Amino acid sequence: MKIVAPISRVDEVAAVAAAGAREIYCGIVPTDWTDRFRSAGVNRRAFGNLTRYEELGEAIAIAADHGATISLVMNAQHYADEQVGALQELAERFAGMGGHALIVGDIGLLARLGRRGLGIRLHASSLLACRNAGAAALLGELGACRVVLPRDVTLGEITAIAAARPELEFEAFVLNDGCVFEEGNCHTIHLPGRLGGPICLDRYAVEYDRVDGRRLAGTEIEALAANDALHDEWLWYRFGCGFSVTANGLPFGPCGLCAVPTLAGAGIAAVKIAGREGPLDRKLKSVEMVRATLDRLEDAESDASVAAFAQGLRARQDLCATGYMCYYREVIERYGAGTAHGAPAPAAVMGAP
Amino acid sequence: MSEVALALVQAKTLERLLENGPPRVADCAGMLGWPAPPLPNGVDGQRVARIHLGSEFCETLLPSEPQLEQAIGLAGAAGLGFALLTPALSDSGLAALAALLPRLARGTEVVANDWGTLRMLRDIRPDLIPVAGRLLCKMVKDPRLPSAEWARLYPHGVHSGPFGSVLAMMGISRIEMDVPPFADAGDFRSETARVSVHAPYGFSVKGRACRIGSLGQPPGGKFTSGQECRKECLVYVGGLSRGDAGAGDLPTFQRGNTVFYRHSPSMISALSEALAEGWIDRLVLNGDWNENRRPH
């Protein structure tokens, strides 16, 4: 399984590749785009993008020197007609540079690029919200050779989808950035912090009512409050455990490391590390954690042993045990969270947390 | 004049709604507990022409076969058109939907919010009429946007050529849209597709992990994909507020796994203008899936 990892600057490419990423992805917002459209909306993120075409070429060359590739995101959920034309030109330019893949979030753009036959791989972004084998098949019909599955599919669903569509590659999330809602069905904007930030991080108070008009009973009020308290706790995990790291910089937060054996068994081609806008150290530590887990798997250790190793990487199995930090909580239900199974202490591999 | 469709998640109110034939919108408002639905002028007095049953947001709420049969029968007896509403579906959800399809007569509309659903309809029931639901017709719909400039940063492509080509490939000639914040009447103008628009609420974002659906689950079973629930969304609605920070927000609430906003007067004006221009040929009213702000 390949590690897919992000960069936001050219000078991050060598380090991310050296850490073990074989597919590196980035975005670009060139000045001719902003001049023409008065918007940064080439992709899903306004920040963390390259700004010059020359940088794309440099990134591709550096990655190649390290045995890696560069993929370009075009993963806004929707584009207007004139933007599709501009993106088509960008796609042709990127293909001509030797880019590896385009990661596309708009189904119309995917179909258009698929018909053009640009000689570059097309990856259907997680923004396309593929939740079943039929959707994957359609994305393949439109030209995608890989489907990036959204965060909210279960391991069982991933396994079934991959088994049903052997002609396609699949990529699954493994670390960082946990949407509270479904990314592909989110029609909000990550506003600046002063305006509330992402809607899932915004400070909404909830006032419940019964839809039949009856007053809430005291027991209902208590149950709703208890549920909301746990929801707040889940949000804390969802947002990187308060955006915290271990003493040696390993990031907490949404994680599927212990599911790597199951994903590999399902034939998943690649695992994705999210977080283009994050600092380089977070990206590097993330790649290192995935690489260390994959190394154990490639050493033919048992799935349970690899899972235990992954859960021990941050030496906070208590956080794993809640299941709230997981992309794929089923693993916790299957193996629990602990350092059993005789696995060597992961800290010995990654450094003391 | 555009026709009016009434969207319902539950079939249980249908018998009463239709006992005197096709109800007027004002009758629906009374029976379904809409306090003062913000709708375009004149809609109150219109009669409902269609019933749309199901959920666009959660596969747990797919109707059962008996519910579907009852609803089709009641709608047919009242001389109303019928559509089955479907959400984003997992493979098991698609299997559940496939079991319902034999109940649908040739020419019945199925509103799909998932590309896999549309592919299945194309392949196994091409005699049904597929409609692209509002989850597939993407546009910025953030209830917190302070100005129209924010929405213009990400223009929608609902009527773009490339999206239209995909719709054509899937045999789709009707789309469903929301009224976005800071809507312009031109947002609804399509050169190729028939346009249905939802009112008086739009959806902003939906999740799969469900907050209210976690109410009856143990801590380890809460807030996760594929979780079990007791359909608490049928019992509770959550009003959302950002306090002073949200003074300019559209009224916002969460029903089930989805956040909705209520249309503002300016959005209703844009909707009214598009209706008057004939760019919208169907208004879909959110029947039982709304704020339900009944007097206590």
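Visitor: Which strand of chain B is joined to β8(B) by 5 bridges?

Guide: In this predicted model, β8(B) takes part in an antiparallel pairing within chain B. One residue pair in that pairing is V205(B), which stands opposite V259(B). The partner, joined to β8(B) by 5 bridges, is strand β11 (residues 258–262) of chain B.

Visitor: How many of the residues of β8(B) are buried?

Guide: A residue counts as buried when 20 or more other C-beta atoms lie within 10 Å of its own. By that criterion β8(B) is largely enclosed by the rest of the structure, because the number of its buried residues is 6 of the 6.

Visitor: Where is P200(B) found?

Guide: P200(B) is joined to A199(B) by a cis peptide bond, with omega about 0°. Most peptide bonds are trans. As to its place in the chain, P200(B) is found in the loop between β7 (194–199) and β8 of chain B.

Visitor: Which helix makes a right-handed β-α-β unit with β2(B) and β3(B)?

Guide: The two strands of the unit, β2(B) and β3(B), pair in the parallel sense. The right-handed unit is made by these strands together with helix α3 (residues 65–77) of chain B.

Visitor: What covers the buried residues of α5(B)?

Guide: Helix α5(B) is largely enclosed by the rest of the structure, since 7 of its 10 residues are buried. The buried residues are W115(B), G116(B), T117(B), L118(B), R119(B), M120(B) and L121(B). Their cover includes elements of both chains, namely α4, β4 (109–112) and β5 (129–132) of chain B together with α6 (133–141) of chain A.

Visitor: Which element gives the most to the side of chain B that touches chain A?

Guide: In the interface, 59 residues of chain B are in contact with 60 residues of chain A. The elements of chain B that give two or more residues to this side are α4 (91–100), α5 (115–124), α7 (161–169), β8 (201–206) and β9 (236–241). By residue type, the side divides into 25 nonpolar, 21 polar and 13 charged. The element that gives the most, with 6 residues, is β9(B).

Visitor: Which residue of β9(B) is the bridge partner of D209(A)?

Guide: Strand β8 (residues 205–210) of chain A pairs with β9(B) in the antiparallel sense, over 6 bridges. In β9(B), the bridge partner of D209(A) is V237(B).

Visitor: Is R38(A) buried or exposed?

Guide: R38(A) is a residue other than glycine with a positive phi, near 55°. It is found in the loop between α2 (31–37) and α3 (53–65) of chain A. R38(A) has 11, so the residue is exposed.

Visitor: In which helix does C241(A) lie?

Guide: C241(A) also has a positive phi, about 50°, although it is not a glycine. With 18 other C-beta atoms within 10 Å, C241(A) is partly exposed. The element in which C241(A) lies is helix α9 (residues 240–243) of chain A.

Visitor: What is the radius of gyration of chain B?

Guide: Chain B contains 8 helices and 12 strands, and 56% of its 296 residues count as buried. Its C-alpha atoms fill a box of roughly 50 × 50 × 45 Å along the principal axes. A compact globule of 296 residues would have a radius of gyration near 19 Å, with which the value for chain B agrees: 18 Å.

Visitor: What ipTM does the predictor give the complex?

Guide: For chain B, the average pLDDT is 95, and 99% of the residues score at least 70. For the complex, the predictor gives a pTM of 0.95 and an ipTM of 0.96.

Conventions:
Residues are numbered from 1 along each chain as its sequence is written. Chains are lettered from A and ligands numbered from 1 in the order in which they are written. This is a predicted model: local features need pLDDT of at least 70, side-chain atom pairs count only at pLDDT 80 or more; totals for chains, interfaces and linings use all residues. Two strands pair if DSSP finds at least two bridges between them. Helices (H or I, at least four residues) and strands (E, at least two) are DSSP runs, numbered from the N terminus. A crossover is right-handed if, with the strands pointing away from the viewer, the path from the first strand over the helix to the second runs clockwise. pLDDT is the predictor's confidence in each residue, from 0 to 100. Two residues are in contact if their C-beta atoms, placed from the backbone, lie within 7 Å. Ala, Val, Leu, Ile, Met, Phe, Trp, Tyr, Cys and Pro count as nonpolar, Asp, Glu, Lys and Arg as charged, and the others, Gly among them, as polar. A residue is buried if 20 or more other C-beta atoms lie within 10 Å of its own, exposed if 12 or fewer, and partly exposed in between; C-beta atoms are placed from the backbone. The radius of gyration is taken over C-alpha atoms; the globule rule is 2.2 Å times the number of residues to the power 0.38.
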